[in-house]
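Hi,

Here's the structure I said I'd pass on. Have a look first, and my notes follow below.

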Amino acid sequence: MTHESDQSDGITTNSTSNPPVWIKVALDFGPLIVFFVAFKLGDLFVATGVFMAASIAAMVISKLVLGKIAAMLKFTVVVVVVMGGLTLYLQDETFVKMKLTIINSVMATILLFGLLRGKLYLKMVMEMAIDMDDAGWKTFSRNWIIYMLVMAGVNEIVWRTQTTEFWVNFKTFGYIGATMVFMIGHAPLFMRYMPEDEGR
């Protein structure tokens, strides 16, 4: 990908340098780990405030280290700040617990809208990590949409029927674990649709 295309889509990393994977992982999961630790040391309201601060910090670090802020990170931080702010202002746990449902539902809708228009939005976000032909991206996007809708439903069931501590554990470990299994399960798809010159 050229540097010009990186500037136009505004969501991929700078093509002049490919940052270490651990930086991306830290930006994605760092705030969540901080949220878990803060909950264990305090309560959900304390954890919510810390999570908001950590999410904003991740966005600032992304700008400083990577030179840009991914569209998904921007969207996530907006939802975190809005739902977290309502949680703290109203002292109601419902809003922060619904955050995962909202993020998954909105992203699934955006990806579905893209597919219907012939756009592969997921490719724009993940092509630096996964190299596939467009046919593979279409299949992966469809499966990702289904996965996010399922996890949105699971989140609703968990927070409405289980204790807050159970929900925090699910949000921190269950969701990450499920996503890892989902990605690993798609390894055959990634290999099947790998460009021929790389698959040799």
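Buried residues account for 38% of the 200 residues in the chain, where buried means under 20% relative accessible area with a 1.4 Å probe and protein chains only, exposed means over 50%, and partly exposed is in between. Before you go further: this is a predicted model, where local features need pLDDT of at least 70 and side-chain atom pairs count only at pLDDT 80 or more, while totals for chains, interfaces and linings use all residues. Numbering starts from 1 along each chain as its sequence is written, and side-chain values use heavy atoms, with hydrogens and water left out.

On secondary structure, the chain has 10 helices and zero strands, taken as DSSP runs (H or I, at least four residues, for helices; E, at least two, for strands) and numbered from the N terminus. Of the contacts between residues at least 6 apart in sequence, 65% join residues at least 24 apart; contact here means heavy atoms within 4.5 Å.

Helix α3 (residues 44-66) and helix α4 (residues 71-90) have axes that come within 9 Å and cross at roughly 155 degrees. Axes are lines fitted to C-alpha atoms, for helices over the stretch in contact, with angles from 0 to 180 degrees between N-to-C directions. That crossing makes α3 roughly antiparallel to α4 (over 145 degrees counts as roughly antiparallel, under 35 as roughly parallel, 65 to 115 as roughly perpendicular, and the rest as oblique). The residues making the contact include Phe45, Thr48, Phe51 and Met52 of α3, and Leu73, Val77, Gly84 and Leu88 of α4. By type, the residues of this contact split into 11 nonpolar, seven polar and one charged.

Thr48 of helix α3 is worth a click: it is buried, at 1% relative accessible area. Leaving aside neighbours within four places in sequence, Thr48 is in contact with Phe35, Gly84, Thr87, Leu88 and Val96.

Which residues have the most contacts inside the largest nonpolar core? They are Met132, Trp137, Phe140 and Trp167, in a core of 39 residues. A nonpolar core is a set of buried Ala, Val, Leu, Ile, Met, Phe, Trp, Tyr and Cys residues joined through side-chain atoms within 4.5 Å. Helices supplying at least two residues each include α2 (21-41), α5 (94-116) and α8 (164-185), and the largest share, nine residues, comes from α7. Phe140 touches, among others, Leu122, Met126, Phe182, His186 and Phe190, not counting residues up to four places away in sequence.

Two more residues to look at:

- Tyr147 lies in helix α7 and is buried at 9%. Beyond four places in sequence, Tyr147 touches Tyr175, Ala178, Thr179 and Phe182.
- Thr164, in helix α8, counts as buried at 18% relative accessibility. Its contacts, again leaving aside neighbours within four places, are Phe39, Leu44, Glu93 and Lys97.

Cheers

Definitions and conventions
Ala, Val, Leu, Ile, Met, Phe, Trp, Tyr, Cys and Pro count as nonpolar, Asp, Glu, Lys and Arg as charged, and the others, Gly among them, as polar.
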